[in-house]
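Please have the structure open while I talk.

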Amino acid sequence: RGVMSWLANPIGRLVKAGVLKVLSSGPVPDHLAIIMDGNRRYAKQNRLGSAAAGHYRGFDKLREMLFWLLDVGITNVSVYAFSIDNFKRSDEEVGALMSLALDKFRALLSDPDLIHRYEVKVLVTGDLSLVPWDVRAAAEELMEATSGNNKCVLNICFAYTGCYDIGCAVDR
């Protein structure tokens, strides 16, 4: 079973509590990186009907995990959300991922709990020139709206790859 459904059951909740206890009992890391992987597999295993449904569930679980991490004092979180390699997927799936990004960037703008209570600054990094203009505009608006927040940083890696990023750094 997928991690998302597993964490929703009683044993999963106990494991979550145990992990949080371990994190909070010793030195808490300043930064944690999360690779968003397995959402298509989760959708297929749970017969959700489309990969997009798995991606939406993955985002919901990510948001929940962010609260856990912030509650134990992790102040920098990087989420590897959309690699440039993901553009090789079907047009339907890429379109669904762009719609998800647009929806969630806009939703984060008004998220009173995550953005405002925790004063999260959101940085969307990657080559945003590769994504549709509305997704890019929503990402830029989110970054501008949260630029004054300074308690936590959420780095959303979007339209990135290691090789591409190294090439850009060398060109500068």
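Glu93 is buried in this predicted model, because its relative accessible area is 10% and the cut-off for buried is under 20%.

Another is formed by Lys88 with Asp85, where the closest N and O atoms are 3.7 Å apart; here Lys88 counts as exposed, at 70% relative accessibility, while Asp85, at 43%, counts as partly exposed.

What does the salt bridge between Glu119 and Lys151 tie together? The two side chains meet at 3.4 Å, N to O, and since Glu119 lies in the loop between helix H6 and strand S3, and Lys151 in the loop between H7 and strand S4, the pair ties together parts that are 32 residues apart in sequence. Both ends count as partly exposed, Glu119 at 27% relative accessibility and Lys151 at 49%.

Which elements supply at least two residues each of its lining? They are helix H4, strand S2 and S4, with S4 giving the largest share, three residues. Among the lining residues are Leu66, Leu70, Val77, Leu114 and Val120, together with Cys152, Val153 and Leu154, and by class the lining divides into eight nonpolar residues, two polar and no charged.

Finally, a word on confidence, which should be kept in mind for everything above. The protein chain averages a pLDDT of 79, and 73% of the residues score at least 70. Where is confidence lowest, and where is it highest? The lowest mean, 48, belongs to helix H1, residues 3-8, whereas helix H7, residues 133-146, has the highest, at 95. Over residues 1-7 the pLDDT stays under 50, and for this stretch the model has 20 contacts beyond four places in sequence. I would therefore read those contacts with the pLDDT beside them, given that pLDDT is the predictor's confidence in each residue.

How values were computed. Residues numbered from 1 in each chain as written. Predicted model: local features only at pLDDT ≥ 70, side-chain atom pairs only at ≥ 80, totals over all residues. Heavy atoms only, no water. pLDDT = per-residue confidence, 0-100. Helix = DSSP H or I, 4+ residues; strand = E, 2+ residues; numbered from the N terminus. Contact = heavy atoms within 4.5 Å. Salt bridge = Lys/Arg side-chain N within 4 Å of Asp/Glu carboxyl O. Buried < 20%, exposed > 50% of the residue type's maximum accessible area, 1.4 Å probe, protein only. 1 Å grid on protein atoms, 1.4 Å probe; cavity = no way out; pocket = protein on both sides within 12 Å on 5 of 7 lines; lining within 4 Å. Nonpolar A, V, L, I, M, F, W, Y, C, P; charged D, E, K, R; others polar.
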